[in-house]
Amino acid sequence: MRHMLVTPDPRNQGLDATLGDMLERGVSYDQDRYPERPRTIAAMLGTIGATYREQGDAEKAEECLLRAIECWRQVPDADPVRLAYDLNGLGILYARINRVDEALECYDEALALFGSIPEPTDQNRLTEASWSYNLGRLLARMSRFEEAETRLMHAHELHERYEPDDLSLRSFSHGGLGELAEVRGDLDLAIDHYRESARCAAA
């Protein structure tokens with residue numbers, strides 16, 4: 001993939017390709033080379049899909065991420081973390097375009113895969129916290145408040161356990177819990193969380 005990104009494009013006479021050119025070349029890369037290497041194809045498609053997502057091209061992002069997920073599913077001994085990352089990436093896309101039911105399915109499966117890791121690293125658990133936080137906020141949008149609180153509290157507990165000195169993470173956790181409390185009408189609790197979020201952010 002790195003070779004693909006740095007190879008001069010004849011359409012621009014050897015000059016560095018634009019992001020659009022690189023993405024276009026990337027999408028066809030798996031068809032022209034390495035069709036027998038599903039790991040390479042899946043990793044490449046996941047990266048391209050995430051890039052399209054951040055560029056605001058939801059249609060192409062969905063296409064690439066779905067293809068990446070399909071490729072990972074075809075690898076018998078694939079690392080579940082890689083599949084989980086692309087599922088979560090697709091969930092982020094669906095949440096942004098308000099396809100919340102599909103986003104929920106992606107988040108749930110991604111977190112379930114993380115839960116199946118035999119010996120998770122601290123970074124794995126922090127990633128799980130971030131995804132649990134995102135899922136909690138999505139559930140709150142769906143008015144599934146008890147489930148949202150469970151996910152947000154899980155994220156908060158993981159942040160405190162695995163990165164206790166990173167106050168920015170604690171700020172995010174309290175902010176999410178404050179938003180949930182506000183939506184549920186518990187303003188006193190919301191204020192407490194917002195104050196703690198602000199204190200952590202300012203520290």
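View 1. Serine 143 sits in the loop between α7 and α8, where helices are DSSP runs of H or I with at least four residues, strands are runs of E with at least two, and both are numbered from the N terminus. The model is predicted, so local features need pLDDT of at least 70 and side-chain atom pairs count only at pLDDT 80 or more, whereas totals for chains, interfaces and linings use all residues. Residues are numbered from 1 along each chain as its sequence is written, and side-chain values use heavy atoms, with hydrogens and water left out. Most residues other than glycine have a negative phi. Serine 143, although it is not a glycine, has a positive phi of about 65°.

**View 2. The whole chain, for orientation.** Among contacts between residues at least 6 apart in sequence, 52% join residues at least 24 apart, a contact being heavy atoms within 4.5 Å.

View 3. Two packed helices are described by the angle between their axes and the distance between the axes. Helix α7 (residues 122-141) and helix α8 (residues 145-162) pack at an angle of about 155°, with their axes 8 Å apart; the axes are lines fitted to C-alpha atoms, for helices over the stretch in contact, and the angles run from 0 to 180 degrees between N-to-C directions. That makes α7 roughly antiparallel to α8, because angles over 145 degrees count as roughly antiparallel, those under 35 as roughly parallel, those from 65 to 115 as roughly perpendicular and the rest as oblique.

**View 4. Helix α6 and its packing against α7.** The 16 residues of helix α6 (residues 100-115) should span 22 Å at 1.5 Å a residue, and the end C-alpha atoms of α6 are 22 Å apart, which agrees; the expected span is 1.5 Å times one less than the number of residues. Helices α6 and α7 pack at an angle of about 155°, with their axes 10 Å apart. That makes α6 roughly antiparallel to α7, and the crossing of α6 and α7 is left-handed. Residues of α6 that include Val100, Leu104, Tyr107 and Phe114 meet residues of α7 that include Asn124, Trp131, Leu135 and Arg141. The buried residues of α6, among them Ala103, Cys106, Leu111 and Leu113, are covered by elements including α5 (80-96), α7 and α8.

View 5. Cysteine 106 is found in helix α6 and is buried, with a relative accessible area of 8%. Leaving aside neighbours within four places in sequence, cysteine 106 is in contact with Leu87, Leu90, Gly91 and Tyr94. Cysteine 106 and asparagine 88 are 18 residues apart in sequence and, C-alpha to C-alpha, 6.0 Å apart in space. Asparagine 124 lies in helix α7 and counts as buried at 14% relative accessibility; not counting residues up to four places away in sequence, asparagine 124 touches Val81, Phe114 and Ile117.

View 6. Asparagine 98 has its place in the loop between α5 and α6, and with a relative accessible area of 54% it is exposed. The phi of asparagine 98 is near 65°, a positive value in a residue other than glycine.

View 7. In α10, Ala190, His193, Ser197 and Cys200 are buried. Seen down the axis of α10, these buried residues fall within an arc of 95°, so they line one face of the helix, the arc being that of the directions from the helix axis to the C-beta atoms. The buried residues of α10 pack against α9 (167-183), whereas the face turned away from the buried side carries the exposed residues Leu187, Asp188, Arg195 and Ala202.

How values were computed. Buried means under 20% relative accessible area, exposed over 50%, partly exposed in between (1.4 Å probe, protein chains only). A crossing is left-handed if the near helix is turned anticlockwise from the far one by less than a right angle, and right-handed if clockwise.
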